[in-house]
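Opening the notebook on this one. I want to look up a handful of spots and write down what turns up.

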Amino acid sequence: MAIALRTLVEEADRFLNAARISDYCPNGLQVEGRPQVRRIVSGVTASQALLDAAVEAEADVVLVHHGYFWKGEDACITGIKRRRLQTLLSNDISLLAYHLPLDLHAEVGNNVQLARQLDITIEGPLDADNPKIVGLLGSLAEPMSARDFARRVQEVLGREPLLVEGAGMIRKIGWCTGGGQGYIDNAIAAGVDLYLTGEASEQTFHSARENGIGFIAAGHHATERYGIQALGDYLARRFAVEHLFIDCPNPI
């Protein structure tokens, strides 16, 4: 069964409320391909590896969290940008990308989906007074040590996280998938026992250690694999099209 590309894009935009969310890149259809869609390939980033895999899979649409045309980047179509766009255009494949709308969504969002993977009960936003902060607060069913929770993260995500142990057992957790290490101070202000994100900066260690909380950097790519899969599954169910998630491993 096939669906019109325009219909697919309109539904994804509506479902994610994309037009109402200010972002660092255009959300929605970034590269237009063939007008009918039978197969969606999703992935975290529209890298050359993912595009090549999508061509092999005979995809009509590539659906990603990290697409193209970021604010402040060089607008010239050269190097890897030229090769990526050439791959899409020469194979008549559309590129559909959602950044902050996918982080924020209450059903298929990256932060919500990661909580489900790690058995964290969601209790609210990381900073209720600042809607620009996309992280969440939640709790574990039972207190556990930071090392035990880090082992859970490793088992679920399939990679060893960076762990800074806090002063005691953890139950209240703050998290933000991807590059959310800058929100650690918001998490500290919210009274968490541990803050989890994808990446770490040099000062993150000191913020965690000197405030007595645990900190985990579990990988930007690894923490953001689940939202795009959930979005692809939603669109596949909605329109009875095929969906294949392709994970192109990234240690960062």
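Predicted model: local features only at pLDDT ≥ 70, side-chain atom pairs only at ≥ 80, totals over all residues.

**Entry 1: helix α5.** I checked how covered α5 is, and seven of its nine residues are buried. My list of the buried ones reads Asn110, Asn111, Val112, Gln113, Leu114, Ala115 and Leu118.

**Entry 2: α5 against α6.** At what angle do α5 and α6 pack? I get about 110° between α5 (residues 110–118) and α6 (residues 146–157), with the axes 10 Å apart. Angles of 65 to 115 degrees count as roughly perpendicular, so α5 and α6 are roughly perpendicular to each other. On the α5 side I noted Leu114, Gln117 and Leu118 in the contact, and on the α6 side Phe149, Arg152, Val153, Val156 and Leu157. Sorting that contact by class gave me six nonpolar residues, one polar and one charged.

**Entry 3: the annotated site.** Which residues does UniProt list under "binding site"? The unreviewed entry gives His65, His66, Asp103, His220 and Glu224. I looked at how they sit in the model: they are spread over 160 residues of sequence, yet they cluster in space, with a largest C-alpha distance of 12.4 Å. Then I went through the lining of the largest pocket and found His65, His66, Asp103, His220 and Glu224 from this set in it.

Entry 4: Is His66 buried or exposed? His66 has a relative accessible area of 14%, so it goes down as buried. Skipping neighbours within four places in sequence, I see His66 in contact with Val44, Thr45, Ala46, His99, His220 and Glu224.

**Entry 5: His221.** I moved on to His221, which is in helix α9 (residues 220–223). His221 comes out at 8% relative accessibility, so I count it as buried too. Beyond its neighbours within four places in sequence, the contacts of His221 are Val44, Asp247, Cys248, Pro249, Asn250 and Ile252.

**Entry 6: Gly43.** Gly43 is in strand β4 (residues 39–45). Its relative accessibility is 0%, so it is buried. With neighbours within four places left aside, Gly43 is in contact with Leu50, Leu63, Val64, His65, Ile228, Phe245 and Ile246. I also took the C-alpha distance from Gly43 to Ala54: 9.6 Å in space, for 11 residues in sequence.

Entry 7: Asn17 sits in the loop between α1 (5–16) and β2 (28–31) and is partly exposed at 38% relative accessibility. Phe69, also not a glycine, has a positive phi of about 65°. I found Phe69 in the loop between β5 and α3 (79–90), and its relative accessible area of 31% makes it partly exposed.

Note on methods
Residues numbered from 1 in each chain as written. Heavy atoms only, no water. Axes fitted to C-alpha atoms, helices over the stretch in contact; angles between N-to-C directions. Helix = DSSP H or I, 4+ residues; strand = E, 2+ residues; numbered from the N terminus. Parallel < 35°, antiparallel > 145°, perpendicular 65-115°, else oblique. Contact = heavy atoms within 4.5 Å. Nonpolar A, V, L, I, M, F, W, Y, C, P; charged D, E, K, R; others polar. UniProt positions renumbered as here; feature names shortened; annotations may be inferred. 1 Å grid on protein atoms, 1.4 Å probe; cavity = no way out; pocket = protein on both sides within 12 Å on 5 of 7 lines; lining within 4 Å. Buried < 20%, exposed > 50% of the residue type's maximum accessible area, 1.4 Å probe, protein only.
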